[in-house]
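Welcome, and thanks for taking a look at this one with me. Here are some numbered notes to read alongside the sequence and the model.

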Amino acid sequence: MIFIKNGLVIDPANGIEKQASVWIEDGKIVKVTEEDSEEFLQKAAKECHVIDAAGCIVAPGLVDVHVHFREPGFTYKEDIASGARAALKGGFTSVVLMANTKPPVDNEDTLEYVIEKGKKAKLNVYTCATVTMEMAGKALTNMDLLFQKGAVGFTDDGMPILNVHLLEKAMQKAAELKAPISLHEENPALISNNGVNKGKASEYFGIGGSPREAEISMIERDLAIAEKTGAILNIQHISTKEGVELVREAKKRAAESGRNNIHAEATPHHFSLTEDAVCQYRTLAKMNPPLREEADRQAIIAGLKDGTIDIIATDHAPHSSREKEKTIIEAPSGIIGLETALPLGITNLVDSGKLSMRELIERMSQGPAKLYGLPAGNLSENAAADLVIFDANATQTIGNFCSKSTNSPFTGQCLKGVVKYTIVNGGIAYQAD
């Protein structure tokens, strides 16, 4: 049993934001209460592990629906065990793995391997399966079987699906299964060199770059297919102001039709940085889609504020130092994000007055949990005791990562927000030194 006292409990799912105590027993939330009599406190001290959360926020464990743990196939970058440690340090209690492993999760055997490895972590590990075989965009996987065997959704993340008829068929099946389909929105036909915005950044490096139209055109196309089929669609790592507006209008149309099937996610790096960071940090700030302009960053923040973007997801993408030391054209895209997401949210959204702490927690817990229908993101009675306790005012210098990889432009920066405890299924899975 665990008794958490003196913390500010923020649980957006239940409309709670108050000084309260949390009682945990048998892996479940027993109650969130303000009524701590002396007799009750004495009983708790004798029977429970007591955590004094004075000065801290107690919230539902964070949920990340877009991570790459690289197993099987690329375990020199990350594996499920090391990715889980990074997630727990960041305050995450549930993650959804992307399926672009080697081999990809396009078959029952690989799916079973990932799920079984995930069960050994001190974290709730879920995984998507791919939409197409070998992520080649030519033939659909057996979506019925993969969903039945435990995949929580479908994505070819990293590989846009260009065949419109095939994607429509996939969305029809996803709608039938009531399973989300998450799409990487970049048209490669419009991109000369990926990972760098076509504009100031591409000119700096003297390369072609990735124009905003590559994202805009795909988002527009895929929203139309989702509206036609009724599929639960998640627009991944949105990067353009036009993309945000397209999602905003699609959500309005969906609501008018009585649907809630359109979702979008933003990464901490897209709400924190612009293409200027690529000029400064070079390959450490190279990602797909690329960092864009300040107007895009502000539009993403506005989308997070009004709920157009209902999910913050890290797109945690570990790469080795050797890979990132290559040229701007040759180096792979992506950065790690699990250990920096909450501090970036506190520093760049809450402290700047853009979002309330409650809104930030909702976008990092309840919102993502809703997309995949996960038993997470709330502190309801009898819910799984998945919590994060963090000091929003404490500062930390970013570094000393639990991830196997260190590819982050935020290394060395001083950010606000330090996770003190991460509790998963009623057990302390991470405790700060």
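1. Let's begin with Thr141. Leaving out residues up to four places away in sequence, Thr141 touches Asp106, Thr130, Val131, Thr132, Met133 and Leu146. Please keep in mind that this is a predicted model. You will find Thr141 in the loop between strand S8 (124-127) and helix H4 (143-148). Is Thr141 buried or exposed? Thr141 is buried, because its relative accessible area is 7%, and buried means under 20%.

2. Ser94 belongs to strand S7 (residues 92-97), and its relative accessible area is 0%, so Ser94 is buried. Again not counting residues up to four places away in sequence, its contacts are Leu62, Val63, Asp64, Leu123, Asn124, Tyr126, Ala376 and Asp386.

3. Next, have a look at helix H8. H8 covers residues 241-256, which makes 16 residues. From first C-alpha to last, H8 reaches 23 Å, close to the 22 Å expected at 1.5 Å a residue. Which residues of H8 are buried? They are Gly243, Val244, Val247, Arg248, Ala250, Lys251 and Ala254. Notice that Arg248 and Lys251 are on that list. The cover over the buried residues of H8 includes helix H7 (212-229), strand S11 (233-235), strand S12 (262-266) and helix H11 (294-306). Just after H8 comes Gly258, with a positive phi of about 80°.

4. Two packed helices are described by the angle between their axes and the distance between the axes. For H7 and H8 the angle is about 10° and the axes are 9 Å apart. The two helices are therefore roughly parallel to each other, since angles under 35 degrees count that way. On the H7 side the contact is made by Arg212, Ile216, Ile219, Glu220, Leu223 and Glu227. On the H8 side it is made by Lys241, Glu242, Gly243, Leu246, Val247, Ala250 and Arg253. By class, the residues of this contact of H7 with H8 are 6 nonpolar, 1 polar and 6 charged.

5. H7 has another partner to look at, helix H5 (residues 164-177). How do H5 and H7 cross? Their axes come within 9 Å and cross at roughly 45°. H5 and H7 are therefore oblique to each other, and H5 passes H7 in a right-handed crossing. Val164, Leu167, Glu168, Met171, Gln172 and Ala175 of H5 meet Arg221, Asp222, Ile225, Ala226, Lys228 and Thr229 of H7. The contact of H5 with H7 has 6 nonpolar, 2 polar and 4 charged residues.

6. H11 has 13 residues and spans 18 Å between its first and last C-alpha, close to the 18 Å expected at 1.5 Å a residue. Its buried residues are Asp296, Arg297, Ala299, Ile300, Ile301, Gly303 and Leu304. Just after H11, Gly307 takes a positive phi of about 90°.

7. Now for some backbone details worth checking by eye. Most residues other than glycine have a negative phi, and most peptide bonds are trans. Pro72 sits in the loop between strand S6 (62-67) and helix H2 (80-89). Another joins Asn288 and Pro289, with omega about -10°, and Pro289 is in the loop between helix H10 (276-281) and H11.

8. Arg282 has a positive phi near 55° and is not a glycine. Arg282 is in the loop between H10 and H11 and is partly exposed, with a relative accessible area of 42%. Asn400, also not a glycine, has a positive phi of about 50°. Asn400 lies in the loop between strand S14 (387-397) and strand S15 (414-424). Is Asn400 buried or exposed? At 72% relative accessibility, Asn400 counts as exposed.

Conventions:
Residues are numbered from 1 along each chain as its sequence is written. This is a predicted model: local features need pLDDT of at least 70, side-chain atom pairs count only at pLDDT 80 or more; totals for chains, interfaces and linings use all residues. Side-chain values use heavy atoms; hydrogens and water are left out. Helices (H or I, at least four residues) and strands (E, at least two) are DSSP runs, numbered from the N terminus. The expected span of a helix is 1.5 Å times one less than its number of residues. Buried means under 20% relative accessible area, exposed over 50%, partly exposed in between (1.4 Å probe, protein chains only). Contact means heavy atoms within 4.5 Å. Axes are lines fitted to C-alpha atoms, for helices over the stretch in contact, and angles run from 0 to 180 degrees between N-to-C directions. Angles under 35 degrees count as roughly parallel, over 145 as roughly antiparallel, 65 to 115 as roughly perpendicular and the rest as oblique. Ala, Val, Leu, Ile, Met, Phe, Trp, Tyr, Cys and Pro count as nonpolar, Asp, Glu, Lys and Arg as charged, and the others, Gly among them, as polar. A crossing is left-handed if the near helix is turned anticlockwise from the far one by less than a right angle, and right-handed if clockwise.
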